[in-house]
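Here is a short briefing on one protein chain. Look over the sequence and the structure first, then read the points below.

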Amino acid sequence: MPFSARPSTYRIEAAPTGRARCRRCKQCLPKGELRMAITAFVRPGRSTLLYRCARPACIDAAFASAVLAVYCTASRVPAAQGVSDEDAARVRVTLENAALCDALARKGVLTAQVPLQSLRYGVHGTRPKRESLI
Ligand SMILES: [Zn+2]
């Protein structure tokens with residue numbers, strides 16, 4: 001039975017161990033380092049957890065736009081317990097700046113309004129490729 005791909009959910013958190021790797025730079029995230037946890041939909045009842053450094057280098061424009069497409073504003077992106085307000089605010093500003101760059105880059109580049117969702121997941125109802133999960 002076909003199903004619709006669902007958007008990922010995102011959370012700001014501090015790495016509890018030093019074992020996870022950033023999905024973008026592939027470096028290990030040191031324990032205590034701020035990161036974005038991504039719960040990516042695979043199929044109904046099945047999701048996978050991915051991580052990214054919360055540094056501007058790894059919060060790229062496409063990623064920030066995907067996050068803001070889910071939460072509308074960066075202030076609504078949830079932070080885990082134990083993340084200070086200052087740290088969460090810093091990550092949210094990074095997200096906002098990166099998404100703004102993306103929006104500006106798209107102006108004039110795309111002639112038609114293409115929903116982000118269809119760009120990311122391809123044909124409605126197909127399973128997203130692992131590489132396309134961000
Ligand atoms: Zn990284």
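How many helices and strands does the chain have? The chain has 3 helices and 3 strands, where helices (H or I, at least four residues) and strands (E, at least two) are DSSP runs numbered from the N terminus. This is a predicted model, in which local features need pLDDT of at least 70, side-chain atom pairs count only at pLDDT 80 or more, and totals for chains, interfaces and linings use all residues. Residues are numbered from 1 along each chain as its sequence is written.

**Overall layout**

- Along the sequence, the elements come in the pattern β-β-β-α-α-α.
- The chain has 134 residues, and 28% of them count as buried. A residue is buried if 20 or more other C-beta atoms lie within 10 Å of its own, exposed if 12 or fewer, and partly exposed in between, with C-beta atoms placed from the backbone.
- Of the contacts between residues at least 6 apart in sequence, 60% join residues at least 24 apart. Two residues are in contact if their C-beta atoms, placed from the backbone, lie within 7 Å.

**The sheet**

- The 3 strands form an open sheet in the order E1-E2-E3, with antiparallel pairing. Two strands pair if DSSP finds at least two bridges between them.
- E1 and E3 are the edge strands, each pairing on one side only.
- On average, neighbouring strands of this sheet are turned by 30 degrees against each other, direction ignored.
- Strands of a sheet pair through backbone hydrogen bonds, either parallel or antiparallel.
- E1 and E2 are joined in the antiparallel sense over 6 bridges, and Arg11 stands opposite Ala37 in E2.
- Strand E2 (residues 34-43) pairs with strand E3 (residues 46-53) in the antiparallel sense over 8 bridges. Arg43 has Arg46 in E3 as its bridge partner.
- The hairpin of E2 and E3 has 2 residues between the strands, and Gly45 in this hairpin takes a positive phi near 80 degrees.

**A residue in the middle strand of the order**

- Phe41 is found in strand E2. Phe41 is buried because 20 other C-beta atoms lie within 10 Å.
- Leaving out residues up to four places away in sequence, Phe41 touches Ala5, Arg6, Ser8 and Ser47.
- Phe41 and Ser8 are 33 residues apart along the chain, yet their C-alpha atoms are separated by 5.8 Å.

**Two helices in contact**

- Helix H1 (residues 61-71) and helix H2 (residues 85-106) pack at an angle of about 105 degrees, and their axes are 7 Å apart. Axes are lines fitted to C-alpha atoms, for helices over the stretch in contact, and angles run from 0 to 180 degrees between N-to-C directions.
- This angle makes H1 roughly perpendicular to H2, the term used for 65 to 115 degrees, while angles under 35 count as roughly parallel, over 145 as roughly antiparallel and the rest as oblique.
- On the H1 side the contact includes Ala61, Val67 and Leu68, and on the H2 side it includes Leu95, Ala98 and Ala99.
- The residues of this contact divide into 10 nonpolar, 1 polar and 1 charged. Ala, Val, Leu, Ile, Met, Phe, Trp, Tyr, Cys and Pro count as nonpolar, Asp, Glu, Lys and Arg as charged, and the others, Gly among them, as polar.

**The nonpolar core**

- The largest nonpolar core has 29 residues, of which Ile12, Ala54, Ile59, Ala64, Val67 and Leu95 touch the most other members. Such a core is a set of buried Ala, Val, Leu, Ile, Met, Phe, Trp, Tyr and Cys residues joined through C-beta atoms within 7 Å.
- Strand E1 (9-14), E2, E3, H1 and H2 each give two or more residues to this core.
- Val67 touches Tyr10, Val77 and Leu95, not counting residues up to four places away in sequence.

**Loop residues**

- Asp60 lies in the loop between E3 and H1 and counts as partly exposed, because it has 16 C-beta neighbours inside 10 Å.
- Asp60 touches Arg24 and Ala98, not counting residues up to four places away in sequence.
- Most residues other than glycine have a negative phi.
- Lys26, in the loop between E1 and E2, has a positive phi near 65 degrees. Lys26 counts as exposed, with 8 C-beta neighbours inside 10 Å.
- Cys72, in the loop between H1 and H2, has a positive phi near 70 degrees. Cys72 is exposed, with 9 other C-beta atoms within 10 Å.
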